[in-house]
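The following paragraphs guide the reader through one protein model.

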Amino acid sequence: MKLKEIAQFANGELSGDGEIELSGVSELLTAKLTDLAFVLDVQHIPEISKSNASAFVIFKDLKFETSKPYILIGNPHLTFAKILTLFLNQDKFSPEIHSTAVLGKNVKFGKDVFIGAHSVIEDEVVIGDYTCIMSLSYVGRRVKIGKNSIIYPNVSVLRDIVIGNNVIIHSGTVIGSDGFGYAKDEVGKYNKIPQIGSVIIEDDVEIGSNVSIDRATLGKTLIKKGTKIDNLVQVAHNVIIGENVILAGQAGISGSVTVGNNVIIAGQVGIADHVNIKDNIIIAAQTGVSKDLEPNKIYFGTPAKEMGEAKRSLAEVSRLPKLYQKVKDLEKKISELSKDNKTSN
């Protein structure tokens, strides 16, 4: 691909020979002569002179020197993502229903569907155009999957789930497992509460590997459009997650939580049941949320506090050893003064 074509695709400002042919994208110090490399941060500027890359994509706010061709861009991370799609080397799947796939009754397939080896598609499933279900995956009864979706190997989509268009679900994930609900009887035994609800995953959602999304007790667990869920995340029954939410690895969301739009939930965050998380919130890593959070704020700590307050609290805690020692010194001096007074009397 020619450098000028990449510049046009990325809406960047080209400097130098746009006819250079590029065959890949790489990091600065490992790039080959036919590679394009990115310079998106000031720390990478010294590596430009050491790189074998034929051309660079550089964030326009950086000061740099190079005699090689480059493209100046304004939104580094978005442009990075767009350019990588030009060099994406994903496996291509021709339309096929593998001979070892197990198909139930009244299954409906759209156009150009791929069903991989040893997958199981139960009764009354509907799968939309161009959707790909890879090997060893399970799709339960009455599941509906939209167009252009990808379900990677070893995914389980259990009964009565609805999945939208352009959804990606990575290996090892379980959608529609029973919610964690039990009722204790008079003798202390826990009795299972039947989980008869569903899960709905809207368009353009991506779900990482080994994620568990539980079905609702009644009604639905809902993941709204554009949300991205990292690996090893737990979403409990009757949770509603808004649009364009980021859920990072090892976060856990308890039952009946509502998460607004454009929320970022960082790694290892824990959210208690029935909490309401409003729009445009950032919850920092390892935060414990036990009550409703107000919109447009950043929260941190356990229990969750606004970031400024949480930092002040941490600073005060860090001063406790010195304060403790100061109190001990004062107690010692008071004791000595008391002894002196007794002696003088």
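A residue is called buried when its relative accessible area is under 20%, exposed when that area is over 50%, and partly exposed in between. The model shown here is predicted. With these cut-offs in hand, one may turn to strand 3, which is mostly covered, as 5 of its 5 residues are buried. Asp 35, Ala 37 and Val 39 lie on one side of strand 3, while Leu 36 and Phe 38 lie on the other, and both faces are covered. As a general point, the side chains of a regular strand alternate between the two faces of the sheet.

Strand 3 and strand 4 run parallel and are connected by 4 bridges. Within this pairing, Phe 38 stands opposite Val 57 in strand 4, and Val 39 stands opposite Ile 58 in strand 4. Strand 3 also pairs with strand 2 (residues 24–26), in the parallel sense and over 3 bridges; there, Ser 26 stands opposite Ala 37 in strand 3. Strand 4, in turn, is joined to strand 5 (residues 70–73) by 4 bridges, and these two strands run parallel. Ile 58 stands opposite Leu 72 in strand 5.

Attention may now pass to the aromatic rings. How many aromatic pairs are counted? The count comes to 3 aromatic pairs. One of them is formed by Phe 38 and Phe 80, with 4.8 Å from centre to centre and 85° between the planes, which makes the pair edge-to-face. This pair links distant parts of the chain, for Phe 38 belongs to strand 3 (residues 35–39) and Phe 80 to helix 2 (residues 76–86), 42 residues apart. Phe 38 has a relative accessibility of 9% and therefore counts as buried, whereas Phe 80, at 30%, is partly exposed.

Why is the pair of Phe 64 and Tyr 70 called edge-to-face? Planes over 60 degrees apart count as edge-to-face. The ring centres of Phe 64 and Tyr 70 are 5.0 Å apart and their planes stand at 90°, so this pair is edge-to-face. Phe 64 has a relative accessible area of 22% and is therefore partly exposed, while Tyr 70 counts as buried because its relative accessibility is 16%. A ring may also have a charge placed over it: the charged end of Lys 82 sits over the ring of Phe 9, 5.6 Å from the ring centre.

Charged side chains may also meet one another. A search of the whole structure finds 8 salt bridges. One of these returns the reader to strand 3, where Asp 35 lies: the side chains of Lys 32 and Asp 35 meet at 3.6 Å, N to O.

Lys 278 is partly exposed at 29% relative accessibility, and Glu 294 is partly exposed at 39%. In the salt bridge between Glu 306 and Lys 297, the closest N and O atoms are 3.3 Å apart. Glu 306 has a relative accessible area of 37% and is therefore partly exposed; Lys 297 counts as partly exposed at 29%. Finally, Lys 2, Lys 4 and Glu 19 are linked in a network of salt bridges.

The last stop is a part of the surface. Ile 246, Ile 264, Ile 282 and Ile 298 make a nonpolar surface patch of about 290 Å². Among them, Ile 246 is found in strand 29 (residues 246–247). Ile 246 has a relative accessible area of 37%, and therefore it is partly exposed.

Notes:
Residues are numbered from 1 along each chain as its sequence is written. This is a predicted model: local features need pLDDT of at least 70, side-chain atom pairs count only at pLDDT 80 or more; totals for chains, interfaces and linings use all residues. Side-chain values use heavy atoms; hydrogens and water are left out. Rings of Phe, Tyr and Trp (its six-membered ring) pair if their centres lie within 6.5 Å; planes under 30 degrees apart count as stacked, over 60 as edge-to-face and the rest as tilted. Buried means under 20% relative accessible area, exposed over 50%, partly exposed in between (1.4 Å probe, protein chains only). A charge sits over a ring if NZ of Lys or CZ of Arg is within 6 Å of the ring centre and within 35 degrees of the ring normal. A salt bridge is a side-chain nitrogen of Lys or Arg within 4 Å of a carboxyl oxygen of Asp or Glu. Patches are made of residues with over 30% relative accessible area and no salt bridge: like charges are joined within 9 Å, nonpolar side chains (Val, Leu, Ile, Met, Phe, Trp, Tyr) within 5 Å. Accessible areas come from the Shrake-Rupley method with a 1.4 Å probe; for residues, only the protein chains shown count as cover. Two strands pair if DSSP finds at least two bridges between them.
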